[in-house]
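Hi there,

Here is the structure I promised to pass on to you. Have a look at it first, and then read my notes below.

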Amino acid sequence: MVSKKRLLINFLSPFALGIMSLKKRGKRENDKLIILAYHGIDDVDLEKYPLSNGNITATTDQFEAQLKLIKRNFNVLTFKKLHEEYLLEGRFPERGLIITFDDGYRNNYTHAFPILKKYNLPATIFLATEYIDSNKKFWFDELCFKIFQSEKESLGFAIEDKLYSFDISDYKAKRDSDLKVKRILKKISNRERLKILNEIYLNLEPIKVDKEQKRYVLNWDEIKEMSENGIEFGSHAKSHPILSKQTYNEVKNEIFDSKKDIEERLGECIVFSYPNGGKSDFGEREMCLLKEAGYKYAVNYIQSNNNKAILNYYSLNRLHVELEVDIKQFQTGLIWPKMMF
Ligand SMILES: [Zn+2]
């Protein structure tokens, strides 16, 4: 059965194109800045993909179709350009759109970068700098990877006096439990999260060895090459913690040190992306520290466009693109963000 939402998308998508065309001809006000949020771009078989499936946000075909639409209808910017050519001059970009990627997956270089080059479009990649040049997986990917390696039937841990137990006896149970465990770990203090992750890894006793030692995260050579070819880099903290669950000093280190890491290699880092980026994942404390460190902008992960009249430089909203989003939904979501989910 076709869902109500799908019917609405089918109905609205031609109007979305119409609005884009009116804006292009200056017949409708350009009072929005759109920032897209991607993670990985890849053509993997999801059943065999050993990391969280949610990390693949578009196939290369989907991404290319999306870029074609963007190229035709928007003025694609970086944060540096937004800053120097527009906001600093008291101007607001017409049909402004920024393409961003969180985390720094290697497929941003192998799969997204060639397509961005083909269409001559810039983008901004947010790096969790501690993982760059290492063979480490992001903590949320490591958890998923180890759950899939384990031959145990269940996974359990305790937070204070509350016991948690999850079924990991088959493929579907593993996928479901991985998501549930992550949801819980994102709510507790950073220190406790690291402690529980260690306990979980010991209990899972993964017996298969990661023979491939495949690298899923970018290295500095790839980053430098992209940086010399129109790609901008920002910080996504060092270790990808949930900042609001950390102590003041821990947050300060994450914000300052990651900026330094990027500046030492690339010369500049003016924008930050809050890990996880939901309403409860950052606040005034983080925004003040970002200003103190010298960042000019920060992006969240709250599904919305940015209105010219209420632009918060340290909490810019983004539209997250997911693998399930087809081109009709994409074009409708650019105009009506709630349709992008
Ligand atoms: Zn992230």
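**What I found**

Among the things that cover the buried residues of helix 1 is helix 11 (327-335). The buried residues in question are Ile9, Ser13 and Ala16. Please keep in mind as you read that this is a predicted model.

Let's stay with helix 1 for a moment. How far apart should its ends be? Helix 1 covers residues 4-24, which makes 21 residues, and at 1.5 Å a residue it should span 30 Å. Just after the helix comes Gly26, whose phi is positive, at about 70 degrees.

Now for the whole protein chain. Its secondary structure comes to eleven helices and 13 strands. Along the principal axes, the C-alpha atoms fill a box of roughly 60 × 55 × 40 Å. A compact globule with 341 residues would have a radius of gyration near 20 Å, and the chain has 20 Å, so the two agree. Of the 341 residues, 39% count as buried. If you take the contacts with a separation of 6 or more, 68% of them join residues 24 or more positions apart.

Next, the domains. The chain is divided into domain 1 (32-134 + 216-340) and domain 2 (139-204). Their C-alpha centres lie 27 Å apart. Eleven residues from domain 1 and eleven residues from domain 2 take part in the contact.

Finally, the inside. The largest nonpolar core has 77 residues, and those with the most contacts inside it are Ile35, Leu36, Tyr297, Ala298 and Val321. Strand 1 (residues 32-38) gives the largest share of this core, with six residues.

Leaving aside neighbours within four places in sequence, Ala298 is in contact with Val271, Phe272, Tyr274, Met287, Leu290, Tyr314, Ser315 and Leu316.

Enjoy exploring, and write back with any questions!

Best wishes

Terms used. Residues are numbered from 1 along each chain as its sequence is written. This is a predicted model: local features need pLDDT of at least 70, side-chain atom pairs count only at pLDDT 80 or more; totals for chains, interfaces and linings use all residues. Helices (H or I, at least four residues) and strands (E, at least two) are DSSP runs, numbered from the N terminus. The expected span of a helix is 1.5 Å times one less than its number of residues. A residue is buried if 20 or more other C-beta atoms lie within 10 Å of its own, exposed if 12 or fewer, and partly exposed in between; C-beta atoms are placed from the backbone. Two residues are in contact if their C-beta atoms, placed from the backbone, lie within 7 Å. The radius of gyration is taken over C-alpha atoms; the globule rule is 2.2 Å times the number of residues to the power 0.38. A nonpolar core is a set of buried Ala, Val, Leu, Ile, Met, Phe, Trp, Tyr and Cys residues joined through C-beta atoms within 7 Å. Domain bounds come from an automatic or database domain assignment.
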